[in-house]
Amino acid sequence: MLYESTDSTISFITPNQKPLGFMSLVTIMEKPCILAPIIGPKGIYMCFKPFIEKHFTIIEYEEFYERKEHFAEKIQAIFVWGKPLNVNRELLQALPKLQVVANGGVGVNHLDIPLINSFGVKVCNTPHVVDNSTADIGMGLMLASARKILEGHNFSKYHESEYMPESSLGNDVSGATLGIIGMGRIGFKVAKRAQSFDMRILYHNRNRRTEEDERAVGAVYCEKMEELLQKSDFVMIVVYLSPHTHKLIGTKELAMMKPSSTLINISRGLVVDQDALVDALQKKVIKAAALDVTYPEPLPRDHPLLSLPNVIVLPHMGTHTVETSRIMLERMVVNTLAVLNGEQPPDEVKI
């Protein structure tokens, strides 16, 4: 699918596409109905609406709850995007025609898959799609933190002197040691990018990668996470959230890191004990942190992490690009249509 960008809008171009206004109500209602987040800033952005409406009739969450009895028999799929919808027993019981829950993104820890499956409903996600954009944000956070990019920008805007303060001195990324916790698809792509910066790359994973993979990115395996924490200048977390990784990094682990090191989290907020992180940053146990994920998201504006000068906090922007969002929605459509057509979806999540 092609798209074109103007100063203010991004419009998608599909073969023979007509504006929604030219479609008859009968044509719209013949399309399968999906329950989806509101179209706009709180959900799926408006620029993606024409593509989705080419395949489905969209019933927004708020509209559904206002007229539940009218839409319940029509909805065949749920799109989970942005702030997750609570797909609980009550909702599943209210949607007798529901066949699939399509999740935008890889992580499905917010979905009770056994419960959903017990209603004969499949769950699909969008693996592989987010790998590059997430690896990119990890490198961006590392560079922004190490080189004090935000401080430099603020100095340019608000400076009262011509001279930058000593506190604006950054650190070289090139030649430094990067420790990657979780060398899956995304972790491997991070390593490939770090290799271009001539970084020394350590990694810890449940299972060691092949020697061929290690040679490809110049990565050295650390059987124990403690070794990685002690030796790394930058520690980047790239793991799935699970009972095993819940608060994987806490007071004990932060104390093992160098006082000059930076923690970067691009996985899930709950992988890091935030209270322990605040304490470690305040006491200068570690030098800095750069986070794309927190709990909750976004953080309350008075959260102590947001007041610390050695922290960068993003509102979970790892996949927040036009290209990645488009591909994610395309995968959601492909998976949904496959299920509705009685076919095996390519990205079904099975527990």
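Is D347 buried or exposed?

## D347

In this predicted model, D347 is buried because its relative accessible area is 8%, and the cut-off for buried is under 20%. The residue is found in the segment after α14, the helix of residues 322-340.

A polar contact of 2.7 Å joins the side chains of D347 and R331. With neighbours within four places in sequence left aside, the contacts of D347 are V123, C124, N125, P127, R331 and N335.

## Helix α13

Helix α13 covers residues 274-282, and its buried residues are Q274, A276, L277, V278, A280 and L281. These buried residues pack against α12 (251-256) and against the strands β12 (262-265), β13 (288-291) and β14 (311-313).

At the N-terminal end, α13 is capped by D273, with a side-chain oxygen 3.1 Å from the backbone nitrogen of D275. Just after the helix, K284 has a positive phi of about 60°.

In soluble globular proteins, nonpolar side chains tend to be buried together. The largest nonpolar core here has 55 residues, and those with the most contacts inside it are I52, F79, L178, I180, V190, F234 and I266. Helix α7 (residues 131-146) gives the largest share of this core, seven residues.

Not counting residues up to four places away in sequence, F234 touches M142, A146, D172, V173, A176, T177, L178, G179, M199, T262 and I264. A second, separate core has 28 residues, including V239, I249, L263 and L305.

Notes: Residues are numbered from 1 along each chain as its sequence is written. This is a predicted model: local features need pLDDT of at least 70, side-chain atom pairs count only at pLDDT 80 or more; totals for chains, interfaces and linings use all residues. Side-chain values use heavy atoms; hydrogens and water are left out. Buried means under 20% relative accessible area, exposed over 50%, partly exposed in between (1.4 Å probe, protein chains only). Helices (H or I, at least four residues) and strands (E, at least two) are DSSP runs, numbered from the N terminus. Contact means heavy atoms within 4.5 Å. A polar contact is a pair of N or O atoms within 3.5 Å; within protein, one must be able to donate a hydrogen and the other to accept it, and residues adjacent in sequence count only if both atoms are side-chain atoms. A nonpolar core is a set of buried Ala, Val, Leu, Ile, Met, Phe, Trp, Tyr and Cys residues joined through side-chain atoms within 4.5 Å.
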